[in-house]
Amino acid sequence: MRALPLAALGTAGAAAATAAAAHVWARHVEIHRYTVREQELRILPPGARTIRVLHISDIHLVPDQSRKLDFLRHLATYRPHLVIDTGDNIASAAAVPVLAEAIEPLLRRPGAFVMGSNDMFAPVRKNPLRYFLPDARPAGLTERTDGDLPTQELARRLGEFGWKDLTNTRATIELGGLEVRLAGVDDPHLERDRFPDPAPVEPSAPEHGNVLRLGVAHAPYRRVLDAFVADGAELVLAGHTHGGQLRLPGYGALVTNCDIPREQARGLSTWKGVPLTVSAGMGASPYSNYRLFTPPEATLLTLRARRPD
């Protein structure tokens with residue numbers, strides 16, 4: 001057998017060492033580096049008071065994740081005026097009461113939620129390389145209706161103090177003179193999204209006023225973002241992508257697990273002129289519990305009044 005040159009062995013050894021170090025960092029360090037991404041938008045009607053919107057997503061909770069639970073409890077200290085939860089809250093049935101206890105202070109604030117596939121189906125071990133396929137979903141997933149997680153119990157606990165369930169429906173939340181009109185869909189990743197019918201127009205309702213229109217979905221598929229834009233949303237919130245979960249400097253997200261462009265897999269951008277915020281989320285599947293260059297996060301959006309023309 002022909003021996004490799006020493007220089008090649010050195011290069012291979014350095015690459016292997018780098019890969020090993022990245023694995024240790026992603027699996028044991030970065031996955032616990034919880035952070036709050038703070039962003040600001042001027043989208044409220046002139047004269048409206050500033051509001052703080054806390055966006056949480058992709059918690060993927062199992063009961064023994066003490067550092068994640070501490071972070072969830074800490075989020076209440078930001079005193080948001082509104083909380084939006086874009087799904088994939090749990091990774092086991094036993095996590096439902098533990099999650100509800102950790103976020104109870106947030107549940108007592110105005111809020112709304114949609115579900116993700118991992119609120120319905122327990123995680124399973126799979127080859128991570130399948131995420132590089134054009135469609136990473138397991139065969140038959142979108143046809144299944146027999147979820148094996150307690151989705152209804154989760155919805156009951158999330159709505160216990162008044163959070164709105166936006167599963168293919170609309171809701172309205174009053175925030176000190178600001179009327180927040182929300183439209184939401186069931187998980188587009190499972191193709192369960194059915195865009196809600198237009199809200200009825202009341203003859204006495206003013207055409208304009210202190211109104212904010214939000215679109216809420218778990219997975220930011222293009223068809224859903226287009227529907228929110230056509231519906232008049234002024235801000236769209238989603239999760240699902242984990243920010244790519246693995247990112248490379250200068251390249252960004254390796255995958256998105258949906259059809260959104262890679263460069264919009266995390267953070268604030270726009271979709272056809274409408275602000276879009278995609279949360280990188282707080283967790284990952286227990287079978288792929290690692291992150292690289294995309295630490296777990298919640299997002300605090302400070303919404304201010306538009307400047308008068």
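At a relative accessibility of 22%, N168 counts as partly exposed (buried means under 20% relative accessible area, exposed over 50% and partly exposed in between, with a 1.4 Å probe and protein chains only). The model is a predicted one, in which local features need pLDDT of at least 70 and side-chain atom pairs count only at pLDDT 80 or more, while totals for chains, interfaces and linings use all residues. Residues are numbered from 1 along each chain as its sequence is written, and side-chain values use heavy atoms, with hydrogens and water left out.

N168 lies in the loop between β5 (164-165) and β6 (169-175), whereas H240, which is buried, sits in the loop between β9 (235-238) and β10 (247-248).

| Residue | Phi | Relative accessible area |
|---|---|---|
| N168 | near 50 degrees | 22% |
| H240 | near 80 degrees | 6% |

For the protein chain, the secondary structure comprises 6 helices and 14 strands, these being DSSP runs numbered from the N terminus (helices H or I, at least four residues; strands E, at least two). Its radius of gyration is 21 Å, close to the 19 Å that the globule rule gives for 309 residues, so the protein chain is as compact as a globular protein of that length; the radius is taken over C-alpha atoms, and the rule is 2.2 Å times the number of residues to the power 0.38. Of the 309 residues, 49% count as buried, and the C-alpha atoms fill a box of roughly 85 × 45 × 40 Å along the principal axes.
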